[in-house]
Amino acid sequence: MLSFKKLEHFRTQNRYPLLLKMLSPLEKSGAKAKDESGSANSIGAFTALKYHDRLWFGGEFLVQALEQMTLADIAMESGRVAYISAGQRARVLRSFKFRDASFHGLTLAAALAVLILLGGVIVSLFIGALPAIKAFGFGFLVTESWNPVTNRFGAMAPVYGTLITSAIAMLVAVPIGLGIAVFLTELCPPKLRRPLGIAIELLAGIPSIIYGIWGLFVFAPFLQQYVQPTLIGAFGSIPGLSMLFAGPPYGIGILTAGIVLAIMVLPYISSISRDVFEAVPPVLKEAAYGVGCTTSEVVRKVVIPYARAGVVGGVMLALGRALGETMAVTFVIGNAHRISGSLFAPGTTISATIANEFTEAVGDLYTSSLIELGLILFVITFIVLAAARYMLMRIERKAQV
Amino acid sequence: MRGMKIYEARRHRNKIAVVLYYSAAVFGITWLVLILFTLLREGVGGLSLSVFTQNTPPPGSAGGLLNAIVGSLIMTGLGVAFGTPIGLLAGTYLAEYGRGTYLAATVRFINDILLSAPSIIVGLFVYEIMVAPMGHFSGIAGAVALAVIVVPVVVRTTEDMLRLVPGGLREAGTALGMPRVLVISRVAYRAAKAGLITGMLLAVARISGETAPLLFTALNNQFFNANLNEPMPSLSVVIYQFALSPYRDWQKLAWAGALLITFAVLALSIVARLLGSRKVAQ
């Protein structure tokens with residue numbers, strides 16, 4: 001921070017202060033300068049100086065100084081050059097130009113690296129999957145068998161498992177997640193609102209392996225002992241439904257994986273929906289309350305319709321997570337390559353198959369089939385995530401208007 | 001009379017809906033609290049000094065997690081060291097040089113996709129480009145896999161934070177004849193410093209619990225290893241292996257490790273949040 005004393009010192013010594021030093025108070029005063037002058041203007045430098053009270057003391061001096069010199073001069077000042085010639089000045093300006101161009105190039109390269117990263121992922125997965133694609137063709141997608149002994153591989157069971165566990169997760173997590181979001185924005189006492197909101201956001205950051213280990217040691221035994229026998233007892237004799245709840249209660253299986261996934265994506269859904277609910281203009285809600293709407297009517301007829309695109313985007317993001325989630329599922333899915341109508345049966349998902357078998361896969365075709373599974377997963381999640389981003393972008397644009 | 005009836009019905013429906021909202025909140029939050037509670041109970045039981053001083057044991061005997069903790073620290077540190085500069089520069093491009101260009105919009109979109117892409121895909125990718133050509137698993141491959149996850153996180157936060165820096169500041173610098181490189185590095189970066197650090201911390205929090213990308217890049221190692229060219233153990237992979245084992249000692253260590261990871265991640269996120277919120281408060 002430049003003090004008045006220092007400025008006086010510079011003045012008496014007839015030395016220009018280094019601009020870079022001057023800029024540190026500028027940074028801090030800038031926001032204020034922008035507010036008070038109404039808009040950012042091109043003589044921002046002087047505006048910023050003017051509104052920074054501590055600099056104002058030395059303001060007159062600084063304004064004078066700045067009128068007489070540019071950064072090029074100051075740069076040479078820092079190099080302790082006593083006399084500034086035109087040639088030296090041109091050199092400094094040239095070096096500025098060069099540094100600017102190279103930094104621009106560097107950032108551009110980094111931005112392109114992000115694109116290359118995505119391209120690299122797709123290309124490398126495709127190359128890795130090529131032997132399997134050649135061997136099985138389109139049939140890979142519709143073959144259920146997964147047999148390393150006979151080298152017959154098909155993706156149907158893992159794809160089915162991925163889709164069905166994600167569907168269960170969404171069925172459970174969407175209503176509850178939206179309920180939490182409504183609670184946080186409309187019903188929660190203001191004192192609790194912030195801590196609860198933060199707690200939910202923190203939970204979204206807990207590594208998925210934690211959910212996995214909890215699912216295996218705590219949740220699966222609980223389901224096996226209490227929930228599954230009850231469900232079998234209740235629905236086992238009803239035709240149609242009995243098929244869903246057939247088989248012995250193992251604890252681990254498709255249903256368990258789906259519920260653990262649901263608990264895992266719950267924080268995502270509720271924190272994103274809370275954000276979009278908060279973006280609903282209060283005027284709309286107040287108008288609805290004003291004409292006598294009840295809380296539930298306001299939520300159903302004002303808040304949710306207004307925030308629909310954002311909610312759908314958030315749900316799709318959570319779906320993307322659920323589809324690609326590895327560790328939380330691998331622990332509790334049971335890893336069986338078959339398609340079963342029963343929710344209690346063990347199954348597998350794409351990511352669980354890869355996580356379980358990749359390091360043990362022998363033979364090119366086996367490895368390559370696993371990579372092709374990865375490629376399929378990537379394509380599915382890419383589509384879901386792209387759709388989610390599109391939806392969220394739409395609501396952002398709406399909020400800006 | 002009829003009006004009253006409708007009114008009563010609406011009130012009833014509202015009561016039911018509100019009860020449902022409340023129960024959703026209670027239900028959801030209960031599960032999450034339950035998980036943390038179990039973690040604390042089981043994890044504290046497994047924690048002891050030997051966890052930090054001994055290496056992972058062979059089946060059926062006691063030991064610690066020292067090698068896994070060190071491996072995790074090395075790979076996380078390297079992952080952040082590789083990923084942050086790229087992310088920072090790319091984020092700078094999006095917020096400064098490339099603002100409003102078609103390229104920037106594309107990069108932003110792709111980056112958002114990478115941000116939530118399944119991490120196991122990253123593992124496969126790094127396996128294909130590093131492990132397969134090198135012929136063996138290695139700690140460095142694990143670090144690269146983590147770096148691939150760091151990049152999109154840092155790009156996103158860098159761009160967001162630089163956008164919060166008021167344009168008047170940049171104009172102030174430009175009006176003084178500063179070249180853009182100095183406006184960015186001396187003005188914008190400094191003004192957004194807290195936010196940039198927050199982004200980095202969030203990235204560390206994100207990768208310190210990652211398991212899937214390490215499974216077939218760094219693999220695992222029973223022994224203490226600081227050689228990046230060899231398979232390297234990490235806390236999360238050790239948890240995975242130990243939790244699925246039938247040995248009681250291993251399972252206990254897995255819980256202890258899970259507690260350590262969760263604690264570290266939560267601490268990092270809280271620190272990041274504090275830094276970030278102080279920025280907003282200003």
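Predicted model: local features only at pLDDT ≥ 70, side-chain atom pairs only at ≥ 80, totals over all residues.

Residues are numbered from 1 along each chain as its sequence is written, chains are lettered from A and ligands numbered from 1 in the order in which they are written, and side-chain values use heavy atoms, with hydrogens and water left out.

**Stop 1: chain A**

Select chain A and colour it by secondary structure: there are 19 helices and two strands. Helices (H or I, at least four residues) and strands (E, at least two) are DSSP runs, numbered from the N terminus. Of the 401 residues in chain A, 50% are buried. Buried means under 20% relative accessible area, exposed means over 50%, and partly exposed lies in between, with a 1.4 Å probe and protein chains only. Chain A exposes about 18500 Å², and 64% of that comes from carbon and sulfur atoms. These areas come from the Shrake-Rupley method with a 1.4 Å probe; for residues, only the protein chains shown count as cover.

**Stop 2: helix α9 of chain A**

Select residues 156-187 of chain A, which form helix α9. The expected span is 1.5 Å times one less than the number of residues. Where does α9(A) have its kink? Centre on A:A173, shortly before the proline A:P175, where the kink is about 30 degrees. The bend at a residue is the angle between axes fitted to the seven residues ending there and the seven starting there.

**Stop 3: the nonpolar core**

A nonpolar core is a set of buried Ala, Val, Leu, Ile, Met, Phe, Trp, Tyr and Cys residues joined through side-chain atoms within 4.5 Å. The largest one holds 182 residues, and A:Y211, A:F277 and B:F216 touch the most other members. Helix α13 (residues 254-278) of chain A gives this core its largest share, 15 residues. A second, separate core of seven residues includes A:L385 and A:L392.

Now select A:Y211. Leaving aside neighbours within four places in sequence, its contacts (heavy atoms within 4.5 Å) include A:V260, A:M264, B:L32 and B:I35.

**Stop 4**

Select B:T38 in helix α1 (residues 2-46) of chain B. Its relative accessibility is 4%, so B:T38 counts as buried. Beyond neighbours within four places in sequence, B:T38 is in contact with A:W214, A:V218, B:G43 and B:W255.

Go on to B:S269 in helix α12 (residues 248-281) of chain B. B:S269 is also buried, because its relative accessibility is 11%. Its side chain reaches the backbone oxygen of B:V265 at 2.6 Å. With neighbours within four places in sequence left aside, B:S269 is in contact with A:L202 and B:A205.

**Stop 5: two loop residues**

Most residues other than glycine have a negative phi. Select A:N335, in the loop between α17 (327-332) and α18 (350-357) of chain A. Its phi is positive, near 50 degrees. A:N335 is partly exposed, at 34% relative accessible area.

Finish at B:L219, in the loop between α10 (212-215) and α11 (235-243) of chain B. B:L219 is not a glycine, yet its phi is positive at about 60 degrees.

Technical notes
Polar contact = N/O pair within 3.5 Å; in protein donor to acceptor, adjacent residues only side chain to side chain.
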